[in-house]
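Me: I would like to go through the labels attached to this structure and ask what each one rests on. Please set each value against its cut-off before drawing a conclusion.

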Amino acid sequence: MALATFDFEKPIVDLEDELRRLRESEPMAGEKIGELEERLERLRREIYGGLTPWQRVQLARHAARPHALDYIQRLTTDWIELLGDRCFGDDHACVAGFALFRGRPVAVIGQQKGRDVRENVHRNYGSMNPEGYRKALRVMKMADRFERPIMIFIDTQGAFPGIGAEERGQAEAIARNIMEMTLLRVPIVCAVIGEGGSGGALGIGMGDRILMQENAYYSVISPEGCASILWRDAKMAPQAAAALKMTAGNLHELGIIDEIVAEPLGGAHRDGTAAARLLGEAFARHFAELDELDVEARLEARFQKYRQIGVFNEEAG
């Protein structure tokens with residue numbers, strides 16, 4: 001099935017169509033085909049190398065982009081999912097359990113979206129309820145007890161804002177997770193693999209290291225939400241995306257994330273296997289670095305990491 005494309009990809013699609021027609025009609029025109037292939041490669045690098053923040057948001061939301069379970073399937077073995085928060089119920093927007101990562105026992109937590117409308121309804125479009133955060137915390141505490149590092153995949157527009165979620169303590173569940181995660185004694189590595197929206201992402205995002213795929217975004221609010229507040233017009237989302245400094249490059253420069261994980265040219269949805277390999281290498285590298293620290297040093301570094309976010313020097317006027 002053909003992948004959906006965005007407006008900024010149209011020149012690439014047009015050239016791909018031209019190349020395909022030439023191969024079908026003149027398969028012996030090797031020199032001309034080679035020239036077109038070179039043009040196509042240059043065009044891809046030019047367009048994907050100069051994406052605007054809004055265009056990266058669009059790629060982060062691509063329907064075919066790998067989700068948490070896709071990466072769990074490709075990066076781990078012996079996956080065992082645990083259900084329920086032992087308080088209210090199970091949250092299908094949150095997957096949590098234990099697996100082997102490169103032969104090492106780990107806890108794995110992720111925010112899961114769907115591929116179509118029915119699956120998205122089942123997964124609540126990746127927006128967790130309080131029971132999802134409590135399930136995640138239950139698994140994290142088990143990991144802490146049995147000394148298992150924690151892998152986390154962040155991919156949500158935000159926590160679910162429904163009345164039921166508020167009645168069941170959405171804000172308290174997120175706040176408790178943030179507090180508890182600062183105290184866990186095992187290594188925690190988080191990766192933003194698509195959307196990283198507001199407290200919904202922070203509720204499982206207090207890691208020793210924060211990785212971010214190059215076409216993901218991480219922000220206090222969605223571009224549409226920001227535009228609706230500032231300009232009373234959601235159509236101003238592209239301008240909001242630029243102002244929010246929500247891309248991997250912005251956040252790495254600001255010291256909020258620790259590494260930008262490269263994606264296959266055109267986005268992770270173009271080659272999920274390659275995207276998983278690159279992400280897995282980053283996870284392995286950061287776990288190895290964290291293993292070199294003793295527990296107290298790791299906890300102190302985690303504490304200082306978040307204390308320093310947002311610190312600035314104000315010049316005397």
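Me: What makes a residue a contact of isoleucine 152, and which residues are its contacts once neighbours within four places in sequence are left aside?

Reply: Contact means heavy atoms within 4.5 Å, and, with those sequence neighbours left aside, isoleucine 152 is in contact with Ile109, Met140, Met181, Ile188, Val189, Cys190, Ala191, Ile204 and Phe283. This is a predicted model, in which local features need pLDDT of at least 70 and side-chain atom pairs count only at pLDDT 80 or more, while totals for chains, interfaces and linings use all residues. Residues are numbered from 1 along each chain as its sequence is written, and side-chain values use heavy atoms, with hydrogens and water left out.

Me: How do you know what belongs to a nonpolar core, and which residues have the most contacts inside the largest one?

Reply: A nonpolar core is a set of buried Ala, Val, Leu, Ile, Met, Phe, Trp, Tyr and Cys residues joined through side-chain atoms within 4.5 Å, where buried means under 20% relative accessible area, exposed over 50% and partly exposed in between, with a 1.4 Å probe and protein chains only. The largest such core has 35 residues, and Ile109, Met140, Ile150, Ile152, Ile204, Met212 and Tyr218 have the most contacts inside it. Among the elements that give two or more residues to this core are strand 2, strand 3, strand 4 (150-156) and helix 8 (170-181), while helix 6 gives the most, with six residues. Another core, of 25 residues, lies apart from this one and includes Leu75, Val95, Ala276 and Ala284. Helices (H or I, at least four residues) and strands (E, at least two) are DSSP runs, numbered from the N terminus.

Me: Why is strand 6 called largely enclosed?

Reply: Strand 6 is called so because five of its five residues are buried. Both of its faces are covered, with Arg209, Leu211 and Gln213 buried on one side and Ile210 and Met212 on the other.

Me: What makes strand 6 a paired strand, and which strands are its partners?

Reply: Two strands pair if DSSP finds at least two bridges between them. Strand 6 passes that cut-off with strand 5, to which four parallel bridges join it, and with strand 8 (residues 259-261), where three bridges pair the two in the parallel sense. Valine 189 has arginine 209 of strand 6 as its bridge partner, and methionine 212 has isoleucine 260 of strand 8.

Me: How do you know that strand 2 pairs with both strand 1 and strand 3?

Reply: Strand 2 is joined to strand 1 (residues 76-81) by four antiparallel bridges, and to strand 3 (residues 104-111) by eight, again antiparallel, so both pairs meet the requirement of at least two. Isoleucine 80 stands opposite phenylalanine 98, and alanine 96 opposite isoleucine 109. Strand 2 and strand 3 form a hairpin with two residues between them, and arginine 102 in the turn has a positive phi of about 55°.

Me: What makes glutamate 263 and arginine 65 a salt bridge, and what does the pair tie together?

Reply: A salt bridge is a side-chain nitrogen of Lys or Arg within 4 Å of a carboxyl oxygen of Asp or Glu, and here the closest N and O atoms are 2.6 Å apart, so the pair qualifies. Glutamate 263 lies in the loop between strand 8 and helix 13 (272-291) and arginine 65 in the loop between helix 3 and helix 4 (68-75), so the pair ties together parts that are 198 residues apart in sequence. Both residues are buried.
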